Amino acid sequence: MRKLRIILEMIKFEHTIFALPFAIMSAFIAAEGLPPLSKLGWVLVAMVGARSCAMAFNRLADAEIDSENPRTAMRAIPAGLITKGSVWIFTIVSAGLLVFAAWQLNPLAFALSPVALAVIMGYSYTKRFTSLSHFWLGLALSISPVGAWIAIKGRFDWTPIILCCVVLLWTAGFDIIYACQDVNFDRKHGLHSIPARLGIRWALWVSSALHVVAVLLLFCIPFLTELGIFYYIGVGIVLLIFIYEHAIVKPNDLSRVNLAFFTLNGMISLVLMALSIADILL
């Protein structure tokens with residue numbers, strides 16, 4: 001139990017809140033109401049398995065890099081709090097949880113589960129060769145609404161694809177903000193990111209542009225669904241949170257990056273999910 005607690009802290013298990021609300025929101029839209037509870041349960045299991053696998057594998061892949069970065073040197077593996085062997089076992093079990101949950105849902109979900117694993121685990125190596133690693137992370141999280149839709153409908157549709165693009169742009173945007181903290185370290189060690197390539201000021205402009213496009217795409221979704229006033233209120237709140245998020249992070253002041261990255265982005269996904277579900281049910 002001690003090892004499990006260390007691993008859950010290491011992978012920031014509570015940050016599953018970033019992508020999970022989009023999966024639940026997608027499931028409710030697909031079902032046009034309350035989804036079958038059995039399917040919703042397996043979607044939750046798949047999401048927890050996928051996210052846990054991705055983060056644990058990331059900590060394994062980045063263990064040496066983390067040990068050299070003062071900001072991350074006290075993470076569990078470089079600090080010697082947990083062995084790589086224990087984290088590997090957790091990673092494999094989490095991956096198995098995703099595959100098993102997909103198998104319980106439908107044949108298409110099961111067939112695509114290895115693709116999902118390849119995407120979410122592949123992200124961990126992208127910063128070694130491309131500044132577009134933020135978009136790969138966005139793709140990894142954006143699988144969630146598509147997967148939930150397939151779980152309910154058993155097929156692809158335009159609505160989850162648009163939601164996928166929203167999550168991709170949203171995630172890439174906030175990951176660019178987070179990466180601003182490591183510009184000097186990344187440049188020194190040959191790691192790639194948009195802040196390291198363009199500088200912090202231009203990187204923040206890119207982040208803002210991505211979030212503007214994400215909001216515009218959110219306004220398109222009601223044209224394909226029955227979503228209405230509550231959903232629009234949610235998008236309005238999301239827009240205000242984005243404005244505040246970009247107002248508090250400045251090129252010469254990164255002191256509130258954690259507030260922008262963790263707290264505000266968690267609020268975005270929860271608010272949009274809650275008001276979308278309210279719109280569908282009410």
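W170 and F174 sit four residues apart in helix α8 (residues 158-179), so about one helical turn separates them. Helices (H or I, at least four residues) and strands (E, at least two) are DSSP runs, numbered from the N terminus. The model is predicted: local features need pLDDT of at least 70, side-chain atom pairs count only at pLDDT 80 or more, and totals for chains, interfaces and linings use all residues. Residues are numbered from 1 along each chain as its sequence is written, and side-chain values use heavy atoms, with hydrogens and water left out.

Start with the rings. A pair of aromatic rings is described by the distance of the centres and the angle of the planes. Rings of Phe, Tyr and Trp (its six-membered ring) pair if their centres lie within 6.5 Å; planes under 30 degrees apart are stacked, over 60 edge-to-face, and the rest tilted. That rule gives eight aromatic pairs. One of them joins F57 and W88: the centres are 5.9 Å apart and the planes at 70 degrees, so the pair is edge-to-face. F57 belongs to helix α3 (residues 37-61) and W88 to helix α5 (residues 84-105), so the pair ties together parts 31 residues apart in sequence. Burial is judged by relative accessible area: buried is under 20%, exposed over 50%, partly exposed in between (1.4 Å probe, protein chains only). F57 is buried, at 9% relative accessibility. W88 is partly exposed, at 39%.

Now the helix contacts. Two packed helices are described by the angle between their axes and the distance between the axes. Axes are lines fitted to C-alpha atoms, for helices over the stretch in contact, and angles run from 0 to 180 degrees between N-to-C directions. Helix α2 (residues 20-31) packs on α8 at about 165 degrees, with the axes 11 Å apart. α2 and α8 are therefore roughly antiparallel (under 35 degrees is roughly parallel, over 145 roughly antiparallel, 65 to 115 roughly perpendicular, the rest oblique). In this contact (heavy atoms within 4.5 Å), F22, M25, S26 and I29 of α2 meet T159, P160, L163, V167 and W170 of α8. The residues divide into seven nonpolar, two polar and no charged.

Helix α7 (residues 133-153) also meets α8. Their axes come within 7 Å and cross at roughly 150 degrees. α7 and α8 are therefore roughly antiparallel too. Residues in this contact include L137, L141 and W149 of α7, and L163, V167 and L168 of α8. By class, the contact has 15 nonpolar, five polar and one charged residues.

Two further residues deserve a look. S52 lies in helix α3 and is buried, at 3% relative accessibility. The C-alpha atoms of S52 and L97 are 9.8 Å apart, across 45 residues of chain. I77 sits in the loop between α4 (63-68) and α5. I77 is buried, with a relative accessible area of 13%. Beyond its neighbours within four places in sequence, I77 touches M10, R59, L60, A63, I82, K84 and V87. The C-alpha atoms of I77 and L60, 17 residues apart along the chain, are separated by 7.7 Å.

How values were computed:
Nonpolar A, V, L, I, M, F, W, Y, C, P; charged D, E, K, R; others polar.
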